[in-house]
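I opened this notebook to record what I looked up in the structure. The entries follow the order in which I consulted it.

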Amino acid sequence: MTAEIPITAANVDPITMEVVQNALGAIADEMALVIMRTAYSTIVRDSMDYSTGICDREGWIVAHGMTMALHLGSFPDAMEALIRDYGDDMHPGDMFVWNDPYSGGGQHLPDVYIVKPVFIDGELEGFAASLVHQIDMGGIAPGSAAVYATEIFQEGLRIPPIRLYDRGKPNETFFKVMAKNTRIPDKLAGDMRAQVAACRTADAALCDLIARYGGPEYRDIVEELHSHAERIMRAEISSLPDGTWSFTDYIDGLGEKPEPLAMKITVTIDGGDMTLDWTGSAPQVNAAINCPAPFVKSACHLIVKCIAEEEIPNFEGFIRPLNIIVPEGTIVNPTPPAACAARAIVGWRALDVLLGCFAQIVPDRVPAAGEGGVTFPSFSGYDGEERFVCTEAWAGSWGAMHNADGAFGIPNPGGNLTNQPVEMVEALFPLEITRYGMVENSGGPGEFRGAPAYQREYRFLSEETQMVMRSDRRRFLPYGLNGGNPGTPSWNLRNTGTDTQSAIPVMPMEAVVFQQGETFLHVSGGGGGHGNPLDRAPKAVIDDIREERCTAEYAGEVYGVVATGEPATLDAEATNLLRRKMTSEPTDTTRPAYLRHFHKALGISEFRLVGPREMKV
Amino acid sequence: MKYRAGIDIGGTFTDLVLMREDGALHAEKLLTTPDDFGRGIADGLAAALATIGAAPDDVDVIVHGTTVATNAILEAKGARTGLITTAGFRDVLELRRLRIPEMYTLNWTKPPPLVPRRLRREVTEKTGPRGEVRIPLDETTVIAACERLARENVAAVAIAYLHSYANPDHEKRSAEIVRDIMGPDVFITCSSDILPEIREYERTSTTVINAYLGPILTAYFASLRRHLDSIGVAAPVRVMKSDGGVMSIGAAADKPAYLVESGPAAGVIGAARLAADGNNITLDMGGTTAKASMVEGGRISRTGDYEVGAGINLSSKLVMGGGYALKLPVIDISEIGAGGGSIVSLDRGGLLKVGPESAGALPGPVCYGRGGEDPTFTDSALTLGFLNPGYLVGGDLKLDADAARDALQAIIATPLDRDLLDAAWGVFQVACGTMVRAVKAVSTYRGRDPRDFALFAFGGNGPVVAAEIANLLDMTRVIIPPTPGVFSAYGLLLSDVEHEISRAWLNRLSGVSPPDMDDAYRTLETEMTALMASEGYTPADYAVARLADLRYAGQAHELTVDCVSAGDAPDFDRLIAAFGDEHERTYGHQAEAEAVECVTLRLIARVTEERPDRQVASSRVADNERTPRDVYFGPAHGHVETPVIDRPSLSAPQDGPLIVEEYDSTCIVPPGWRAALDPLGNIVLTRGNSQ
């Protein structure tokens, strides 16, 4: 391949550029490590719900650590807010803190930015930026992520961009106010210290790097790297066909009687430019799932990077060819004082919507829908005298690709999170986990099947435990592609397998209270399938039976594969006959076999499909 | 006279170093025999002994570094293994910690679990986090699991129950049942034996790896022993562990998971021993990767955050999920995909990339003339004049410099519209820049300033890049040990018998007393005495150090510090102070008001042996004639007619530019650097402006 090298600055060459790009990446990773190793709360240190970045003097990202991808695309708006407020009033030794979505380009109140401007000889050369999901910023519910808040004022302490350190001197007022506005002051302070330490580390390393080239040359190099990223992005877009495509998906909705909320994307490709338009998405709601625009833009940036064939550098110049439209007053760009603490559900769904659209443009690069994004539960109560909050991040069921089954047990592409060790949760909190694993007979059938659902069940050991959570994908199942079935629905069940078993809404509009000894089971959505299930290689079905991912009965009714004996072996003749019969006969479209098997194991008999992938219970 | 033999098996070559009791060294590179490693080792050893006129029974001890364990995992050729878990948790092994080592990817392929789902059986039992039994062990479920696994013909069984680190009773009883039902040949590993620490995925995965490797390594060691016996070498064989200590092959056959990073560990040990009081960052650049590690005050740095089979380990939990978690002590090595065979290319936006794809040993770089078409790092180094086209591996490997130049010109220089030499210099710069990241991962990432360290470089290509990497990091000292190309085999000979054992001990120091901790250590010491006795040592033979993994209450990651005692019992004040200092040094701050929590207690027992001073190495190839050649040192220096010398010529210090050519490596001394020999035979490079 020959490449065109339109580098404009006379003093910049492609070798220096590569060296600087690497060096910046190393600094951002170093920041991420400092936070991981010194943070206190489990959501930060074990789930790794945080991000680090290096920005140039304009606030544009030039490097980011390997952390939460969905955070990163919102740095530009946040940095713009900081520069708007303090552009001519920053000094060496300053550090800034904020979290407000409306005045600060933030996402939701728990996501706290701490940013340090970096100076060389008194000249601003860039920023060390960190974003950490803080465990509790006050507000109506522990964890500050209640779905049921109706105004942002209920969600915790709003911090516009303010000084955390003033020329090296800590802002005591802020620290004192903050300590009185959180349920877990010691962990919050520890996690903020981790952010501060990371910024200081990066400050020193960035100064060393820039000193090697001198400020003016470093700026030229950075600008060339932005242009380089832009060139790669344009080349990617140009390799796609011109045209316009749309896709609509739904969030199940809120509370006991959920009403679907539409999310619609229209993608237009015109040469080297791409427009991503969210017009047609639902108006903002009186609950906390409204998603501030920075997070939705972030989802767009993320998916465009995912579908690119070549790695797009972490230089923000790559977004120049993108035009993102987010209509005001909708769930993808709410206006104040809309609540937004649980906004991530819209962010995760934005990923599914975008992928559903790109599946029409580049079908071989996109999987069917997965579990619907990370489910965040927050358990809280008292362990003896001591208050506890346990926030977790659950994920791990992907839709199928055109040539592979959906991946089981890896995180959603939006956030490279980890699960929390069962033993750690049990050692630290009055919670017992009674199972964590795969749900058999689950996921969407297809020539390539979606990943099975995962399940995690808790027994509550303290007198009373409150749970705040949001999940999704019970009514609108994860979509399949190319004739593959939709995935299986997500369920939240109290006291499974007992007389008192009951279902909890996907997004309860109040805290759910459990008494000692009660149990809670979360079953995730299972991934969507790809291609016709009757085209699935019989060998792959036999393998699923042998590995106990599905039963022989399920294999017969869903895939038309007849297995006999133990270990299961294929009866090829009977399989051919059965598959012919299944191809010619009409199937039950309201209660398909795979959903019957799936629900039977959960003790749920009332369900029916009312559309291609809409389920009523 | 007596000899010690160091034998390091690599993918292409097996390196052999013999050290006579007076310190004289003999080094050779043998071809590896992958069908039966023992045969190649025995044949090569017999030939080498004949060359130097020694008898088989002159060999005192053999120390062995091996990639057999790693390769069994990489190639999925371990034993058929079953796993028995607590009911409800058999998928822990497959779910892992979710995280993957890449971002922005939609088709990442997860490594398949080493034990497939049907071989993961569940039993009814549950222990709580404080060791309390919540559900008693239902032995009928264990029997059912065994019967199923026996039907499936597994050769090894891993047993990993929740919270067994706090109470191993259920696992121990289950192991008895497995033995009863499945017979004496099945290899059994309990998680409470191999890794009694909290975090179920890491513990289960480690247990499974041990079981998966057990039958393979047992057979391998038996075969090696047979082959050695057949050539009359009866010397005991020791094998290097991932943490740099050695153990007998008898002990290693029970705990093969300790051997997974056996190969790379030896070089770091060599560096630590050769510069025992020094601060060194080691850099081992071979054909596909470069590995860095830190030696501080003669002490190596270890970690428990490790994955096997992840390809490239950047010494950090940021890039995790690519392999299988193995939470046993490993020398903390950061690896990056830049080696001699790393392929040079241009990305879509026109930036120059070096690696991580590698041409490997086959086809190898273009200049090897074995069909390689993509230019590599080695082709660029040859084009710059760094390498002698007729003199790699002592002349065994002839290089085609014209082919290297043509490939580099066509694929890199012409599209970039640059002069060939500038392009080659660019490749060198980018590769060095990439390796800087590995060096930073073991230094600045831990709060250490590389300028306080010397760069200790070895491996076939380490001495080629060392000075330039030092330039980039503003380091002023570089050390190139003798026989740098077979340095790992040499390092094996400098290792000590060493064992580390640990035990979970999760307590806030404010809630316990020093005698409590002392009791826990004493229990471990009893265990250690038994372990060392099984290796044939009495307490008089070895020294035992106590260490503790501490953190501020609520943190997830610990730092390991020495546990100092006041009288008999640990001194908590000094322990807390030592932890605070280490936290400050590593992370730049400490939190004096925070409670300090102990997570794990460790003991390290080390047998220190007397070793002769080293003498200059011999090898089986005579020296070639050396003539000056034209070398391009970048735009700042341009073309320089550069003298080519051998190591002994440095007995009088000389200024760069210089090239020191040896049997197994080439050392580049750029302009501005000065080279000298130290009393140990190391080449020491110092940067001119530092004096």
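**Conventions.** I note that this is a predicted model, in which local features need pLDDT of at least 70, side-chain atom pairs count only at pLDDT 80 or more, and totals for chains, interfaces and linings use all residues. Residues are numbered from 1 along each chain as its sequence is written, chains are lettered from A and ligands numbered from 1 in written order, and side-chain values use heavy atoms, without hydrogens and water.

**Confidence.** I looked up pLDDT (the predictor's confidence in each residue, from 0 to 100). Chain A has a mean of 92, with 98% of its residues at 70 or more. Over residues 1-5 of chain A the value stays under 50; for this stretch the model has 13 contacts (heavy atoms within 4.5 Å) beyond four places in sequence.

**Seven-stranded sheet.** Helices (H or I, at least four residues) and strands (E, at least two) are DSSP runs numbered from the N terminus, and two strands pair if DSSP finds at least two bridges between them. I traced an open antiparallel sheet of seven strands in chain A, ordered S2-S1-S5-S4-S3-S6-S7. S2 (61-64) and S7 (169-170) of chain A each have a single partner strand, so one side of each lacks a neighbour in the sheet. Three bridges link S3 (residues 95-98) and S6 (residues 162-166) of chain A; Met95(A) has Tyr165(A) as its bridge partner.

S10 (residues 273-277) of chain A runs parallel to S11(A), joined by four bridges, and Leu276(A) is partnered by Ile324(A).

**Helix packing.** I then checked H1 (residues 14-38) and H8 (residues 215-238) of chain A, which pack at about 90° with axes 10 Å apart. Axes are lines fitted to C-alpha atoms, for helices over the stretch in contact, with angles from 0 to 180 degrees between N-to-C directions. H1(A) is therefore roughly perpendicular to H8(A) (65 to 115 degrees). Among the residues that meet are Val20(A) of H1(A) and Leu225(A) of H8(A).

**Chain contact.** I recorded 88 residues from chain A and 81 residues from chain B in the contact. The buried area (accessible area, 1.4 Å probe, lost on being put together, summed over both parts) is about 7700 Å², of which carbon and sulfur atoms give 57%. Tyr104(B), Leu106(B) and Arg348(B) supply 13% of the area that chain B buries against chain A, more than any other three residues.

Key: Parallel < 35°, antiparallel > 145°, perpendicular 65-115°, else oblique. Buried area = accessible area lost by both parts, 1.4 Å probe.
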